[in-house]
Amino acid sequence: MHDLSPAAWQPLLTTRRLGRTGVILQHTLTSTNTVLKDAARTGALAEAVALCEQQTAGRGRLDRTWSSPEGQGVWMSVLLRPQLPPEKTPMITFCAALAMTKAVRSLTGLDARIKWPNDVVLSGHKVCGVLLEAGFTPEGQMFVVIGSGLNIRRGAYPPELTERAVSLEELCPPPGREALIAAYLNGLEAAVDAVTSGGFTAIEEEYRALSCTLGREVQVLSPAETFTGTALSVDETGALLVRTEDGATRRVLAGDVSVRGVMGYV
Ligand code: BTN
């Protein structure tokens, strides 16, 4: 059986809804995020999952492209219509990063961590990125599409990213994609349910325990400026609170900046 096929991973689901209906699986897509955003606008699907072997126009944060070659990773997106005020939708990216981090940890035994806002890192290198895009139906109902790109095989990322990126295969015998997909969806539904009823507080402890940003010295790079400080915490809107050397606390929004450790990527 093909490992991306719903028949391979649906038996592993513990979700109430997510992944059980509305699955779009194609060998080649432009971008799973783009496909789900288009589907979301019609309002036909309440929740949905899109998966493919390769993307021809994979997209990353900050208008970057995302390399998604055939069979080298998990390239997938999830459509949700969360019951959250729009300013709190960044919480969903934390849910996705948390769910993927936990899936990788449980299936590989490796010490996966979350680099704010939503990169999953292993040994100081990025193994997964998350792209959240929100939109509205013509009737004004909000939806979010959460894309995740998990590097599994060495060929998942281009050679010029070797300093910053990694794939599971370089660190361990990679688990099956069906197990990773199911574990991620299970964790994502649980985390989204938790923040919908309890806000960020409901996942804060777990997020903090798995973060490799909080409590660290970071360098914030925006088009306008670069500054360093200590990453203290994140707030309900997903912003990173950074204490600078002069004792001020600055709110850093994920849409605008890159955050690195003062010694490098993490
Ligand atoms: C990042 O820049 O770190 C986010 C990368 C997100 C990549 C995934 S792959 C599946 C989904 N479809 C896309 O076009 N992007 C996301």
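Modeller: A residue is called buried when its relative accessible area is under 20%, exposed when that area is over 50%, and partly exposed in between. The model is a predicted one.

The helix to examine is H2, which spans residues 32–42. Its buried residues are Thr32, Asn33, Leu36, Lys37, Ala39 and Ala40. Viewed down the axis of H2, these buried residues fall within an arc of 165°, so they line one face of the helix. Among the elements that cover them are strand S1 (23–29), strand S2 (48–55) and strand S3 (73–80), together with strand S6 (125–136) and strand S7 (142–151).

The two ends of the helix can be described in turn. After H2 comes Gly43, which has a positive phi, near 80°.

As for the cysteines, a disulfide is a covalent bond between the sulfur atoms of two cysteines. A pair of cysteine sulfur atoms must lie within 2.5 Å to qualify, and by this rule the count is 0 disulfides. For Cys172, the closest cysteine sulfur is that of Cys128, at 14 Å, which is too far for a bond. Cys212 likewise takes part in no disulfide, since its nearest cysteine sulfur, in Cys128, is 13 Å away. Cys172 counts as buried because its relative accessible area is 12%, and Cys212 is buried because its relative accessible area is 10%.

Notes
Residues are numbered from 1 along each chain as its sequence is written. This is a predicted model: local features need pLDDT of at least 70, side-chain atom pairs count only at pLDDT 80 or more; totals for chains, interfaces and linings use all residues. Side-chain values use heavy atoms; hydrogens and water are left out. Buried means under 20% relative accessible area, exposed over 50%, partly exposed in between (1.4 Å probe, protein chains only). Helices (H or I, at least four residues) and strands (E, at least two) are DSSP runs, numbered from the N terminus. The arc is that of the directions from the helix axis to the C-beta atoms. Contact means heavy atoms within 4.5 Å.
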